[in-house]
Amino acid sequence: MDEIPTIDYSLLFSKDHNERAKSLEHLGKACQDFGCFYLINGVEERVVEGALKGISDYFELTNQEERSEYLKKNSMDRIRWYLRSDAGENRENIKIVTHPEYHCPSNLIVANAIGEYLKGMHEVELGLAKAISTTLGYEETYIEKEFKLEAGFDVATLNLYPPSLQSKGSTGLAEHTDPGFFVSLIQDVNGGLQVLSHQGNWITVNIPRNTIFIGIGDHLEILTNGKYKSHIHQVILDNNEVKRISMATLHGPSLDTLVAPAPGFINDSHPPTYRGMTYKESLELNGFDEIDVQSSLIQLQMPLSFLISCMVLYFYNCL
């Protein structure tokens, strides 16, 4: 059976050379074979628990009418409220832009709790960028520079999923991939999240306590020309006996960063699989704006005719 790998963040920077090398190899295999992994020893447990409590308190201590003040009014809104209850999606959520500028609902407890978590997670993001760069055979600063992560565009989604008996369908969120470098997820209870392994099997995600789920994003797949693929995932509510709180944060390049397959991942037998485009342009490709953060990976794929032409030329040159 497929089992999501666990990566110990602290060991990726161990002073023991052999221990660090082994951990980096494990990380590389997780990125290539699964596109996701559990991360331990990243952000302090009290900080993760504090963020989840802050989100839970926000949904408990406010009503929908109060939260609906953040219903999207224009494309410049940096805090947005959504409510979907139908066969294709069942959840209430608040989306907030968290980097390079931090926006949050006016509830001070929520802002402080989430802010502390996001500060710690940004440090982890930069650390993972160094580690993943190393697994790809590049210098530690490679991804950070390519994606301009110090000005990276991050969006967090604070989710409230209902128990199955209150939903209007079995789907909490339909299968999809996420844009960006990677997505990080924390949740209060297990239930519903599934990822599709690269072998084609659906795996139920059971995040252990004090663990963060990390999933590769579309733009790392584009940069590496498909070497590290983004993960397909969905949320199913069939067995949810209680409500579920989660926070998914999309950690992206800066909006003006042009993301395309890097030369080091292109050769005659591996032509560029994706078109280059700025991060902002790719987020707007489906008619949404950057805060809606919808995947456009399929639209960015090169036409099949182009790939066939490249392969024909490659084999012709081999003759």
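Buried here means under 20% relative accessible area. Keep that cut-off in mind, because several residues will be judged by it. One more thing before we start: this is a predicted model.

Let's begin with strand S10, residues 211–216. Six of its six residues are buried. Take the two faces in turn. On one side sit Thr211, Phe213 and Gly215. On the other sit Ile212, Ile214 and Ile216. Each of these residues is buried, so both faces of S10 are covered.

Which strands pair with S10? Strand S2, residues 36–40, is joined to S10 by five bridges. Those two run antiparallel. Within that pairing, Leu39 has Ile212 as its bridge partner. Strand S7 is joined to S10 as well, through four bridges. That pair is antiparallel too. Here Ser184 has Ile214 as its bridge partner.

S5 covers residues 154–161, and S12 covers residues 244–251. They pair in the antiparallel sense over eight bridges. One example: Leu160 has Ile245, in S12, as its bridge partner.

Thr6 is in strand S1. Is Thr6 buried or partly exposed? Its relative accessible area is 37%, so Thr6 is partly exposed. Thr6 touches His26, Tyr38 and Ile40, leaving aside residues up to four places away in sequence.

S6 and strand S11, residues 232–236, are joined by three bridges. Thr171 stands opposite Ile236 in S11.

Next topic: charge. Side chains of opposite charge can pair when their charged atoms come close. How many salt bridges does the structure hold? The count is 21. I'll pick out a few.

Start with Arg20 and Glu140. Their side chains meet in a salt bridge at 3.1 Å, N to O. The pair links distant parts of the chain, 120 residues apart. Arg20 is in helix H1, and Glu140 is in the loop between helix H4 and helix H5. Arg20 has a relative accessible area of 24%, so it is partly exposed. Glu140 is partly exposed as well, at 32%.

Now Arg67 and Glu92. Their salt bridge is 2.5 Å, N to O. Arg67 is in helix H3 and Glu92 is in strand S4, 25 residues apart. Both residues are buried.

The next pair is Arg78 and Glu290. The closest N and O atoms of this salt bridge are 3.5 Å apart. Arg78 lies in the loop between H3 and S3. Glu290 lies in the loop between helix H7 and helix H8, 212 residues away. At 6% relative accessibility, Glu290 counts as buried. There is also a network: salt bridges with shared partners join Lys72, Arg80, Asp289 and Asp292.

Last stop, Asp77. It is in the loop between helix H3 and strand S3. Asp77 is buried, yet it has no salt bridge.

What lies around Asp77? A polar atom of its side chain is 3.1 Å from the backbone nitrogen of Asn74. Beyond four places in sequence, Asp77 touches Leu71, Lys72 and Ile291. And Lys72, remember, belongs to the network with Arg80, Asp289 and Asp292.

Notes: Residues numbered from 1 in each chain as written. Predicted model: local features only at pLDDT ≥ 70, side-chain atom pairs only at ≥ 80, totals over all residues. Heavy atoms only, no water. Buried < 20%, exposed > 50% of the residue type's maximum accessible area, 1.4 Å probe, protein only. Lys, Arg positive; Asp, Glu negative; His and termini not counted. Salt bridge = Lys/Arg side-chain N within 4 Å of Asp/Glu carboxyl O. Polar contact = N/O pair within 3.5 Å; in protein donor to acceptor, adjacent residues only side chain to side chain. Contact = heavy atoms within 4.5 Å. Pairing = 2+ DSSP bridges.
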